[in-house]
Protein chains: 2
Amino acid sequence: MATLKDVARLAGVSVKTVSNVVNGYSFVKPDNRRRVEEALEATGYRPNLGARNLRRGRTGFIALVLPELSIPYFAELAGLMIAAAQEHEWNVLIEQTFGTLSGERLALSSLGPHLVDAAVLSPEALQVEDFQLSVPAVVLGEHAVDVPLSRVGIDNVAASTAAVRHLISLGRRRIAAIGAHPQRGTAALRLEGYRAALAEASLPFDSSLVVPALNYHRADGAAAMKSLLDMRNPPDAVFCFNDLLAVGAMRTAAERFVRIPRDLAIVGFDDNDESAYTSPSLTSVAPDKAAIARAAVDLLRQRVDSPDLVPDDVQTPFSLQVRESTVAR
Amino acid sequence: MATLKDVARLAGVSVKTVSNVVNGYSFVKPDNRRRVEEALEATGYRPNLGARNLRRGRTGFIALVLPELSIPYFAELAGLMIAAAQEHEWNVLIEQTFGTLSGERLALSSLGPHLVDAAVLSPEALQVEDFQLSVPAVVLGEHAVDVPLSRVGIDNVAASTAAVRHLISLGRRRIAAIGAHPQRGTAALRLEGYRAALAEASLPFDSSLVVPALNYHRADGAAAMKSLLDMRNPPDAVFCFNDLLAVGAMRTAAERFVRIPRDLAIVGFDDNDESAYTSPSLTSVAPDKAAIARAAVDLLRQRVDSPDLVPDDVQTPFSLQVRESTVAR
DNA sequence: CATCGTTGTTCCAACGATGTAAAGACCGCT
DNA sequence: AGCGGTCTTTACATCGTTGGAACAACGATG
């Protein structure tokens with residue numbers, strides 16, 4: 001692998017001049033510049049990022065701390081994050097926490113200025129005392145605890161209200177919610193939006209229609225749906241706090257020959273790619289994931305350049321994708 | 001951030017002694033070792049990986065070059081790869097190519113010994129002349145062209161034969177295949193397995209039942225299925241070269257009120273998480289993804305340690321997950 | 001007590017890049 | 001010719017770490 005030294009020898013100039021050419025420094029004689037460029041070409045020189053970053057005091061990496069790549073929402077987001085980071089010449093390091101407190105602590109402890117310049121976090125269980133980061137960080141979605149970090153995400157209350165309002169507008173009156181969770185800030189806000197939409201329509205809030213979910217996987221949605229269908233007076237609609245729960249719920253409904261949307265309307269959250277292809281396809285709250293990724297990376301760029309900026313809170317847009325799980329073809 | 005120098009000053013020893021303690025060198029006086037360890041603790045020292053790797057000539061990263069994280073198979077694989085790499089103290093750098101030749105070339109060109117120690121590749125369009133890697137690499141799945149790189153993956157012919165044999169055992173006689181592709185080695189092998197199973201059962205090979213797919217996304221499966229259902233004599237079963245195609249195909253079938261599995265049985269490939277939750281659930285060839293990830297990383301570890309090893313070819317196990325898309329509940 | 005081998009420690013150089021300071025080249029001006 | 005100023009290049013130190021050589025301390029040995 002060619003180094004600056006090799007290129008310099010070949011071009012007959014000093015190492016620094018080559019460095020200047022590589023970094024686009026203005027004052028290089030055209031003649032030298034040409035010779036250096038030829039030498040760069042001839043040797044196929046690639047800067048050694050480790051060395052460069054050592055000298056510059058930056059690493060060129062940002063961490064993306066998320067529960068699991070096998071969860072479609074995070075996989076899609078990770079893909080967009082990688083693309084957004086590329087614009088800032090950042091590489092993305094993905095750390096999986098599996099949604100556990102110990103996993104999240106482990107991931108955070110391995111972070112640090114020597115490894116990454118900044119971090120994007122999707123915490124689920126972290127406590128306030130864990131947020132002693134040594135690099136700028138952005139939190140995606142809400143966090144139950146109040147920490148002085150920037151946040152990027154949609155307005156969960158408004159989005160949830162919109163989803164439930166949609167169900168109400170279709171004439172549904174017994175609307176259940178799947179995904180309540182004592183620890184997750186996001187769950188609390190989505191529940192709040194659900195209640196707000198009910199209140200707005202003067203519908204009663206029935207706590208027996210709110211089903212908790214320990215995890216947000218398909219299996220949890222399927223289990224939650226079973227308990228709802230076993231009720232003496234089952235719901236005529238369900239608002240699921242993410243699409244995986246909704247997919248699980250739809251699966252249970254199909255097993256029990258409950259017709260969707262006629263007997264039961266379902267709305268999800270996240271708008272995973274798969275949700276347009278289920279049968280019936282799934283109505284879902286669609287956050288603008290690309291906007292989230294861009295906003296997160298932009299925030300980090302600012303915080304890295306000027307570390308004293310106060311935490312910011314960026315609200316990204318969302319929309320409601322209406323599909324067959326609420327409105328039949 | 002504390003450096004070795006800071007720790008050394010605090011412990012009253014030389015930098016090298018601290019380095020020796022950090023790296024587990026045996027001959028350090030117990031007394032000094034204790035003092036150094038205390039100082040390490042007190043300062044919260046973390047080695048600067050950039051500097052260490054610069055000195056050691058390694059980077060501590062491996063690249064994972066894949067089409068797209070939004071494709072569930074690759075997302076799941078990436079998660080497992082990260083876990084497997086961790087065992088070898090490697091971090092994983094994910095590069096998305098979007099399945100295009102230019103994307104793949106770009107990703108490969110950005111690789112190099114200064115950035116990663118090794119690479120795992122999932123190429124789709126690469127030509128033989130592109131495989132001029134400067135670091136050890138492993139290819140996942142088949143590649144159309146013959147390159148001197150190690151390979152990890154399942155026996156695609158055997159797996160496809162098993163899938164089609166399963167359909168035949170259920171009495172299906174007009175079995176279509178979705179996913180033929182001129183460039184992809186994997187597609188050729190799955191087609192070969194399909195033909196082998198037909199031949200084995202003395203069923204005729206009908207090329208009009210083989211539908212190509214440019215990409216392997218859900219939309220391509222849906223489109224392919226449309227063309228099959230428009231035939232004068234449509235198939236009674238379909239073997240899809242991946243689960244996304246199968247999900248798309250099922251979606252089209254549902255739109256046309258084709259009953260699965262009664263009118264049409266469907267088998268997919270990859271066994272994505274979502275395939276157990278579709279309605280009906282999807283029968284699929286299930287490669288052992290964890291085994292693939294482990295094998296790939298192990299191969300790379302060997303190749304990095306002894307670069308002269310000849311290319312190897314590791315076959316990982318697979319199974320057929322039989323579900324409702326072929327056998328009704 | 002000189003010698004030896006084993007331990008334990010320090011000093012120095014190096015990995016590849018870049019910032020700084022200083023030196024050199026060149027220009028026009030008096 | 002001498003001066004001041006703008007370009008242009010170079011030598012050197014430095015980022016944090018580790019390998020190697022050199023050195024120091026030690027008890028054991030002849």
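1. Let me start with a helix pair in chain B. B:Tyr73, B:Glu76, B:Leu77, B:Leu80, B:Met81, B:Ala84 and B:Ala85 of H5(B) touch B:Lys289, B:Ala290, B:Ile292, B:Ala293, B:Arg294, B:Ala296 and B:Val297 of H11(B), where contact means heavy atoms within 4.5 Å. Sorted by class, this contact of H5(B) with H11(B) has 11 nonpolar, no polar and 3 charged residues. Here Ala, Val, Leu, Ile, Met, Phe, Trp, Tyr, Cys and Pro count as nonpolar, Asp, Glu, Lys and Arg as charged, and the others, Gly among them, as polar.

2. A word on conventions before going on. This is a predicted model in which local features need pLDDT of at least 70 and side-chain atom pairs count only at pLDDT 80 or more, while totals for chains, interfaces and linings use all residues. Residues are numbered from 1 along each chain as its sequence is written, chains are lettered from A and ligands numbered from 1 in the order in which they are written, and side-chain values use heavy atoms, with hydrogens and water left out.

3. Now the geometry of that pair. Helix H5 (residues 72-87) of chain B packs against helix H11 (residues 289-305) of chain B at an angle of about 50 degrees, with the axes 8 Å apart. Helices (H or I, at least four residues) and strands (E, at least two) are DSSP runs, numbered from the N terminus; axes are lines fitted to C-alpha atoms, for helices over the stretch in contact, and angles run from 0 to 180 degrees between N-to-C directions. H5(B) and H11(B) are therefore oblique to each other (under 35 degrees counts as roughly parallel, over 145 as roughly antiparallel, 65 to 115 as roughly perpendicular and the rest as oblique). Their crossing is right-handed, that is, the near helix is turned clockwise from the far one by less than a right angle, anticlockwise being left-handed.

4. Helix H5 (residues 72-87) of chain A and helix H11 (residues 289-305) of chain A have axes that come within 8 Å and cross at roughly 50 degrees, which makes H5(A) oblique to H11(A). The crossing of H5(A) and H11(A) is right-handed. Its residues include A:Tyr73 and A:Leu77 from H5(A), and A:Ile292 and A:Val297 from H11(A). By class, the contact of H5(A) with H11(A) divides into 11 nonpolar, no polar and 3 charged residues.

5. Back in chain B, helix H9 (residues 218-229) and helix H10 (residues 243-255) bring their axes within 6 Å and cross at roughly 50 degrees. That makes H9(B) oblique to H10(B), and the crossing of H9(B) and H10(B) is right-handed. Among the residues in contact are B:Gly221 and B:Met225 of H9(B) and B:Gly248 and B:Thr252 of H10(B). The contact of H9(B) with H10(B) has 8 nonpolar, 3 polar and 4 charged residues.

6. On to the interface. Chain B and chain A bury about 3,800 Å² between them, of which carbon and sulfur atoms give 60%; buried area is the accessible area (1.4 Å probe) that two parts lose on being put together, summed over both. B:His114, B:Arg251 and B:Tyr277 supply 20% of the area that chain B buries against chain A, more than any other three residues. The contact draws 45 residues from chain B and 45 residues from chain A.

7. A:Arg251 and B:Glu324 form a salt bridge at 2.3 Å, N to O. A:Arg35 pairs with A:Asp31 at 3.4 Å, N to O; as these two are 4 residues apart in helix H3 (residues 30-43) of chain A, about one helical turn separates A:Arg35 and A:Asp31.

8. Finally, some backbone details are worth a check by eye. Most residues other than glycine have a negative phi, and most peptide bonds are trans. A cis peptide bond joins A:Ile260 to A:Pro261, with omega about 5 degrees, and A:Pro261 sits in the loop between helix H10 (243-255) and strand E9 (265-269) of chain A. The bond from A:Ser279 to A:Pro280 is cis too, with omega near -10 degrees; A:Pro280 lies in the loop between E9 and strand E10 (283-287) of chain A. A:Asp270 is not a glycine but has a positive phi of about 120 degrees, and A:Asp270 is placed in the loop between E9 and E10 of chain A.

Note on methods. A salt bridge is a side-chain nitrogen of Lys or Arg within 4 Å of a carboxyl oxygen of Asp or Glu.
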